[in-house]
Amino acid sequence: MCLYLKAQALYTAVIVEDDPLSAEALKDVLKSGFPEIELTAIYSNVSDAIHGLRLSVPNLIFLDMELDDGKGFDVLRELGEISFEVIITTIHQTYMLEAIKHSALDYIMKPVEREELLEAFNRFKKKRELIKPKEEQRKESVRSKKLVLPNQEGLILVEISDILRLESDGPYTTLHLKGNRKQ
């Protein structure tokens, strides 16, 4: 079963929890004390979580370990490379080592208390702030792709996005660029 909710906040989150009372309690804590987090879905089993997370990727998931159709880690294994952060929420202490291997951001024992959640959320925000400059650099490098070409005067730099077409003339090639320019 999956319950979809409205999303319009700074960070999006998903709960993967098979116990309706635990899911509702976590939802209430998030709703009352974390306005930066918009809960977009609650999944109650592994298969729904995998399907939903393939369609819409949140910034953060709260992942229970013991689900009706498997373990919370089954979701992570099936998805492979993930771009969201994971906070484990469980009553079992036995999964701590595996949580470390999956790079979980935090491991919170149920019932989830607001103070523990706040500490985990602050770690999440710090990590996101460290990642943001790298993402902006990557976007900037994609935006400014240039081609270095030899010509009779030496080397020229041509913005790839300015190239309209190439025209071959024997061993030479003329580049037709935006603005009726040729190289």
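In which loop does S103 lie? S103 belongs to the loop between α4 (96-101) and β8, where helices (H or I, at least four residues) and strands (E, at least two) are DSSP runs numbered from the N terminus. The model is a predicted one, in which local features need pLDDT of at least 70 and side-chain atom pairs count only at pLDDT 80 or more, while totals for chains, interfaces and linings use all residues. Residues are numbered from 1 along each chain as its sequence is written, and side-chain values use heavy atoms, with hydrogens and water left out.

The confidence of the prediction is expressed as pLDDT, the predictor's confidence in each residue, from 0 to 100. The protein chain averages 87 on this scale, and 89% of the residues score at least 70. Where pLDDT is low, the predicted coordinates should not be read in detail.

Turning to the backbone, the phi of S103 is near 60°, a positive value in a residue other than glycine. N180, in the loop between β12 (172-177) and β13 (181-182), likewise has a positive phi, near 55°. With a relative accessibility of 80%, N180 counts as exposed; by the cut-offs applied here, buried means under 20% relative accessible area, exposed over 50%, and partly exposed in between (1.4 Å probe, protein chains only). A cis peptide bond, with omega about 0°, joins K110 and P111, and P111 lies in the loop between β8 (106-109) and α5.

Rings of Phe, Tyr and Trp (its six-membered ring) pair if their centres lie within 6.5 Å, with planes under 30 degrees apart counted as stacked, over 60 as edge-to-face and the rest as tilted. Y11 and F124 form an edge-to-face pair, 5.0 Å centre to centre with 75° between the planes. This pair links distant parts of the chain, since Y11 is in strand β2 (residues 11-16) and F124 in helix α5 (residues 114-143), 113 residues apart. Both Y11 and F124 are buried, and ring pairs join Y11, F34, F121 and F124 into a cluster.

The face of F34 has R114 lying over it, at 5.5 Å from the ring centre; a charge sits over a ring if NZ of Lys or CZ of Arg is within 6 Å of the ring centre and within 35 degrees of the ring normal. R114 is found in helix α5 and, at 38% relative accessibility, counts as partly exposed.

The largest pocket holds about 280 Å³ of space. On a 1 Å grid over the protein atoms alone, a pocket is an open set of points where a 1.4 Å probe fits, with protein on both sides within 12 Å along at least five of seven lines, and lining residues have an atom within 4 Å of a point. Grid points are joined across faces, edges and corners, and the volume is the space filled by probe spheres set on the points. The lining includes L149, P150, I156, Y172 and Q183, and β9 (146-151) and β12 are the elements that give two or more residues to it. The most comes from β12, with 4 residues.
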